[in-house]
There are 2 protein chains.
Amino acid sequence: MEDIEIAQENEANKIQTITAVAGDIGLDPTDIEQYGPYKAKITTSALERLRQRPQGKLVLVTAINPTPAGEGKSTVAVGLADAMHRKGQKAVLALREPSLGPVMGMKGGATGGGYAQVVPMADINLHFTGDMHALTSAVNTLAALIDNHLQQGNALHIDPRRIQWKRVLDINDRALRHVTVGLGGPTSGVPREDGFDITVASELMAVLCLAEDLGDLKERIARIVIAYTYGREPVTVEMLGVTGAITMLLKDAIKPNLVQTLEHTPVLIHGGPFANIAHGCNSVVATRTALALGDIAITEAGFGADLGAEKFLDIKAPVLGKTPDAAVVVATLRALKYNGGVALKDLQTSNLDAIRTGFANLERHIHNLQRYGLPVVVAINAFATDDPAETQLVQDLCADQGVKAVPATVWADGGAGGVELAEAVTEALSATEPFKPLYPQEMPVEDKIQTVVQGIYGGRDVEYARKAQLALKTIKANGWDRLPICIAKTQYSFSDDPKLLGAPTDFTIHVSDIIPKIGAGFLVVMTGTVLTMPGLPKHPAANDIDIDAQGHITGLF
Amino acid sequence: MEDIEIAQENEANKIQTITAVAGDIGLDPTDIEQYGPYKAKITTSALERLRQRPQGKLVLVTAINPTPAGEGKSTVAVGLADAMHRKGQKAVLALREPSLGPVMGMKGGATGGGYAQVVPMADINLHFTGDMHALTSAVNTLAALIDNHLQQGNALHIDPRRIQWKRVLDINDRALRHVTVGLGGPTSGVPREDGFDITVASELMAVLCLAEDLGDLKERIARIVIAYTYGREPVTVEMLGVTGAITMLLKDAIKPNLVQTLEHTPVLIHGGPFANIAHGCNSVVATRTALALGDIAITEAGFGADLGAEKFLDIKAPVLGKTPDAAVVVATLRALKYNGGVALKDLQTSNLDAIRTGFANLERHIHNLQRYGLPVVVAINAFATDDPAETQLVQDLCADQGVKAVPATVWADGGAGGVELAEAVTEALSATEPFKPLYPQEMPVEDKIQTVVQGIYGGRDVEYARKAQLALKTIKANGWDRLPICIAKTQYSFSDDPKLLGAPTDFTIHVSDIIPKIGAGFLVVMTGTVLTMPGLPKHPAANDIDIDAQGHITGLF
């Protein structure tokens, strides 16, 4: 059965009203703003009240370096929460908000899968409560105000060639990657080269996800560097005088969204920045709310642990004021074999040697997380076709490292398939090692990069292209060098070469540019090329999607 | 006091929950989908049930040719509904949905004004229930799919120079009027000239507003002509194979939105197409729902009666299956004087001669509406500074035509200021003259245009530019000539010259192009230039807007 079929069938039979879900975690109907019967935002006054509460334990779900298909972090996170929910624990899940763009491209939703799904699935993957659209609207309004500033005399002396703020759409649209705007004569703008990103790649998404509340959001928006002048001085939103207007457009988007799993476990879905050019995890507001509402809050970070978990720990945790109490590393047999050198088409075939070789990748992620002082549990996201001998081998290899590896059949069985995992995680939560940050804020930028490259990636050194060297100067000159770094790198390798699988060593990381994101509060260290506007494939998923006159959707996932 | 202050103060004190407003018109909580406590969509099943109900009377609010400030159609419509509501009549209002773009440009909301406002005002003018964003998303997804079709081999032989489907944003952004897309090499699309419209100018907005339900919406979307081939054959959405995907994105946007006036009168706000290149009135679904829920449904049509009312009667009414039972023509003393030749800066000065001269404009609109068989009432939208002698003169001049003209002080007094108007309208509703359509569908396109130009505008003849002549051939060759026409013309004059005020005669209308909108089901007859992407002014409203950490908005209107 397809995910959409499971979701629709189960939604119809079992979904609870969102007021009931809210009630289960102690929220009154007046604490939520309903968006239809099954979605809600949590009100500002409820959020303020919840900030006074003691926080629960925090579980971070991350993964090994994935295959192109992804290894099911969200599915495992959902199943783990459901398993805890079944055991009567007060578990609340916090997940990223899906982007609509990919929905029309490749099949595959971002709300878990099988019987470990968040519902209403189609709504969450389409317009949800409008957060992405509000972001798109705010980003493009700001862009229009910048171009209008050029049009109306350019009092701020903005260099049109050095505008940093790009327009966005929540759509996979490669034809918008490189455009020229302002054509058509003097009444239609100042001509310049420009480009569109996908909405989730915008700095404003990262800003929304790191803001503590509306006031902090406004301060961060004010600081965003939108351009440089002809004299190379940074121009901010505040200087343009539109901080209030842009913040106003996000007044509802800052409130986290409450939904449920197929097993009625409460889920906060809020914010979804890229895990390469941004920090790749849901909003600080949502995680904080999950910590206040649950005894255990479960959250995830994008891509493998080298990207997602590192950024969670070094960028998000300091803002959150809370570090994880345990980490779950999701692995699949196919990803282990892929990291062990097996071609995509052969991943279904049993291959113990490849598992053994590929385990080096998982092992490095485990050690990296332990370096921060985190207790680690490995979740083997199980497929019906998995070879039990391979699974056993992974468990043995993990046991050699003193780490428990637990198969989870949550896709097929929902929470019932995650009970053993839940027990292992609960046990891990009782450990009490203190958190050890990777680098201090005041460390010079190059040293921070070196620290991540050596300490997390296992590489040797870092090379800076001329553009990156110039960027470093700008960063120092403006006093931005105390910000944490956010390395944009391929998700497929510890290195910046997507083909270098497993656990490579002695490699060099090539930094092409360093982009200050002053509103978000981090420096994006670019390695290789990161596509910030995806394209559609030859046969887009849009061609398979249908809806009948009664509103029944088919072919969505 | 500013509109936003009146709205926020009164909202805080008096707004009812949307479930209570729904309850007052016989809708159960399960008949609506809440979007926060004060906004809701009506469910598909409730809409289906309501379609079986007998329909109330329909009042169309229209206007004389306006000044650039607008004459307060929405304000009068709100006040009229409130006055009827006060009298205990079951009145339901149906209005257009505001566009977010202008909010950042010029001050002025689209939800009435003063004490005749629809609330929650800021929400309705910002993201509301996401309809505009869903449209933006659907339009741009379709555009991305078209460009992707070019990229992936162009099996349909689409001529990239003849793509009709433009991208949109709900933003005033002149720099996007003329752009080139697809730059950056072979992996980033096929380079071509393109441009963005504002969302409300897209054919898809007109399609949404004319669709009877989700099934009809899907059929209309399938028919939309997105491009022509190298052989000049039309290419439709259906041929691209993405009808289902685009329709799915509008599954919630098709449901009308329920809100309330400051006096708790129920209001359906849904859809807002341009009144020049489209038909300028709220959705068929909303009007039909208002007719089912109320004994009297009050609705409005954009710009002056030459544009809005004509299109309501000739384009929307045949789809709606219902014609108005009375028309209210909104006039102001300033608009009458403006049409009488007074300069904008002198409109505050009393000038009975100018009123007398400008009355010719109002008189022609009255006769036009009477020609359709509609009883007419004139509403004089009153300002505190109005000269009573001028008001009396307008009433006398109307009385000479056998028409009642009633001053309405609804901006200052809410429903209490519209009681006399409500009585005049109620009286007009008892008339029983049958509706007389202006032209039969099968009339040739040129004759339809001639009929509107002579019969409504009072002009003499029509000139076709070469492009329009070629378009006529395409229209005939494809069998599209039975569609109604939708003339895009300046709102300031009966002619196509915005400076020709009053009631000009003997003029020629210059048709520059005729654009078939096959999904919407009309032919847009272009006269003069119509800007489908507005720009921002030198001092945008965005610079005056602010929001504090508690979410309190200032400077919005």
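Modeller: One term before we start: a residue counts as buried when its relative accessible area is under 20%. Also keep in mind that this is a predicted model.

Colleague: Got it. Which residues of H11(B) are buried, then?
Modeller: The buried ones are B:Val284, B:Val285, B:Ala286, B:Thr287, B:Arg288, B:Thr289, B:Ala290, B:Leu291, B:Ala292 and B:Leu293. That is ten of the ten residues in helix H11 of chain B, so by the under 20% cut-off the helix is mostly covered.

Colleague: Okay, switching to chain A. What domains is it divided into?
Modeller: Domain 1 has two segments, 3-129 and 256-428. Domain 2 covers 131-248, and domain 3 covers 445-527.

Colleague: How far apart are the centres of domain 1 and domain 2 of chain A?
Modeller: Taken over C-alpha atoms, they are 33 Å apart. In the contact between these two domains of chain A, domain 1 takes part with 28 residues and domain 2 with 18.

Colleague: And what area is buried between them?
Modeller: About 1800 Å² is buried between domain 1 and domain 2 of chain A, with carbon and sulfur atoms giving 57% of that.

Colleague: How many salt bridges cross that interface?
Modeller: Four are found between domain 1 and domain 2 of chain A. There are also twelve residue pairs in polar contact between those domains. On the side of domain 1 that touches domain 2, helix H11 (284-293) and helix H12 (308-320) of chain A each give two or more residues. By class, that side has twelve nonpolar, eleven polar and five charged residues.

Colleague: Which residue does A:Arg288 meet in a salt bridge?
Modeller: A:Glu212, with 2.9 Å from N to O.

Colleague: Now the two chains. How many residues are in contact there?
Modeller: 69 residues of chain A are in contact with 68 of chain B. The area buried between the chains is about 5800 Å², and carbon and sulfur atoms give 63% of it.

Colleague: What about salt bridges between chain A and chain B?
Modeller: Six are found across that interface. In one salt bridge, the side chains of A:Asp123 and B:Lys251 meet at 2.7 Å, N to O. Polar contacts between the chains come to 35 residue pairs.

Colleague: Which elements of chain A supply the side that touches chain B?
Modeller: Several supply at least two residues each, including strand E1 (32-34), helix H8 (214-223) and strand E24 (546-547). The largest share, ten residues, comes from H6(A). Split by class, that side of chain A has 31 nonpolar, 25 polar and 13 charged residues.

Definitions and conventions. Residues numbered from 1 in each chain as written. Chains lettered and ligands numbered in written order. Predicted model: local features only at pLDDT ≥ 70, side-chain atom pairs only at ≥ 80, totals over all residues. Heavy atoms only, no water. Domains from an automatic or database assignment. Contact = heavy atoms within 4.5 Å. Buried area = accessible area lost by both parts, 1.4 Å probe. Polar contact = N/O pair within 3.5 Å; in protein donor to acceptor, adjacent residues only side chain to side chain. Helix = DSSP H or I, 4+ residues; strand = E, 2+ residues; numbered from the N terminus. Nonpolar A, V, L, I, M, F, W, Y, C, P; charged D, E, K, R; others polar. Buried < 20%, exposed > 50% of the residue type's maximum accessible area, 1.4 Å probe, protein only.
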